[in-house]
Amino acid sequence: MDPPAAPSPTATQRDQWIVESQVYKIYEHFANIPPNAQSVMLELQRDKHMEFLEKGLRHLGSAFCVLDANRPWLCYWILHSVALLGESVDDELENNTIDFLSRCQDPNGGYGGGPGQMPHLATTYAAVNTLITLGGEKALASINRDKLSGFLHRMKQPNGGFRMHDLGEIDVRACYTAISVASVLNILDDELIRNVGDFISSCQTYEGGIGGEPGSEAHGGYTFCGLATMILIDEVNRLDLPRLTEWVVFRQGRECGFQGRTNKLVDGCYSFWQGGVVDLLQRLYSIIEKKMATLAAQKSDCADECSQIPTTSDRLEGVRRSSWVNFNNIGCNFLKGPRATEPLFHSIALQQYILLCSQELEGGLRDKPGKRRDYYHTCYCLSGLSLCQYSWSKDPDSPPLPKSVLGPYSNLLEPIHPLFNVVLDRYHEAHQFFSGFS
């Protein structure tokens, strides 16, 4: 009797093999060229990236009309990339950006995707981060905090979630954009925080990551949003951090980059979304160690009295936030806390993927080999590259050692605040500016 035929590969398997083949060809080529040529391949093409970014800020072709409702995002992706490179735009471009975003600001609070469009939490987050990135009194003072606070409260739902816009979807992304904006603008209050931890906790899956809503698949973007939000509302202890850690570290694959979900393809943007999760967990290592010790003790006790193991609700009792916490300072104080001495992922390997597989020599960065460059991937690949470079540093204000930076040391980018994804010194400026408001 003949043995059964091997099953045909799935479409997912075929796509994975194609991507692996493209990536391995790049790595094989790199390994077989002279050292001086390797140095060139590993160099961050700063001038070309700036050329690509400035061109997009001045004029976009007609093909970008599909992003008409995302214009504040384009401002953020481009200007944050410029700031990461340690550069700035001229006064005319800066003033034009501030004026444009002011026209996107709704009279009743929040920012729309363009002038006259309805306010939306995602574009509000993008607009606020853009103005923080520009910095200076004109940019920061252009944000109507009182009206924006009203918009955030209108989007808040009784179950703890937020709507993205009037009658819009409720998900973890909405929670993050609302809480992030409220935190950095010093308008975060008890009403905005109420039940948010319940909603996000209900979105953590059996895998350990966080989905967009209860019952959804764990996803890198939503996991970052959920984890960052729980830190900002001081309820991160309510998450199963050991399981979350296990899930995210296994998302870095053979290609050296991160995938967003289990059995999905590598994508350069997850250099930040997943790399950001790992960076946050690196700063929560003491909490994770305590949770793992508790779990180990529970397993030991189970051998004798399984019936006495605490329930999930029992374990969460007492770990909710304290009533005296100043929520608007959590983002600032988070960076001052202890940090694990080593990153929880292979930072050099991720830098290799970004520089060799995501970077285009003509400027801009992309998802993966075979894809086209765009401003979204440029922003998040560079953000992830910055996280890698500083992942061994205990003090974010101190430059990292050369061994932490793949390629020439001139590749070093500006450090970012991992909770907000804005350049660190711009965050400190905004925090000081808005701390002056009650």
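**View 1. Ring pairs tie a set of aromatic side chains into a cluster.** The members are Trp73, Tyr76, Trp77, Tyr125, Tyr176, Phe224, Phe272, Trp273, Tyr376 and Tyr380. Bear in mind for every view here that this is a predicted model. Across the structure there are 20 aromatic pairs.

**View 2. Phe434 and Phe437 make a tilted aromatic pair.** Their ring centres sit 6.3 Å apart, with 40° between the planes.

**View 3. Helix α8 (residues 145-155) and its buried residues.** Look for Arg145, Leu148, Ser149, Phe151, Leu152 and Met155, the buried residues of this helix. They lie on the same side of α8, because they cover an arc of only 160° around the axis. What do the buried residues of α8 pack against? Their partners are α6 (121-134), α9 (172-184), α10 (190-193) and α20 (424-435).

**View 4. Arg173 has salt bridges to Glu169 and to Asp171.** The N to O distance is 2.7 Å for Glu169 and 3.1 Å for Asp171. Arg173 is partly exposed, with 27% relative accessible area, and Glu169 is partly exposed too, at 35%. Asp171, on the other hand, is buried at 6%. Shared partners join Glu169, Asp171 and Arg173 into one salt-bridge network.

**View 5. Arg366 and Glu360 form a salt bridge.** Here the closest N and O atoms are 3.9 Å apart. Are these two residues buried or exposed? Both Arg366 and Glu360 are buried. For the tally, the whole structure has 16 salt bridges.

Key:
Residues numbered from 1 in each chain as written. Predicted model: local features only at pLDDT ≥ 70, side-chain atom pairs only at ≥ 80, totals over all residues. Heavy atoms only, no water. Phe/Tyr/Trp six-rings, centres within 6.5 Å; stacked < 30°, edge-to-face > 60°. Buried < 20%, exposed > 50% of the residue type's maximum accessible area, 1.4 Å probe, protein only. Helix = DSSP H or I, 4+ residues; strand = E, 2+ residues; numbered from the N terminus. Arc of directions from axis to C-beta. Contact = heavy atoms within 4.5 Å. Salt bridge = Lys/Arg side-chain N within 4 Å of Asp/Glu carboxyl O.
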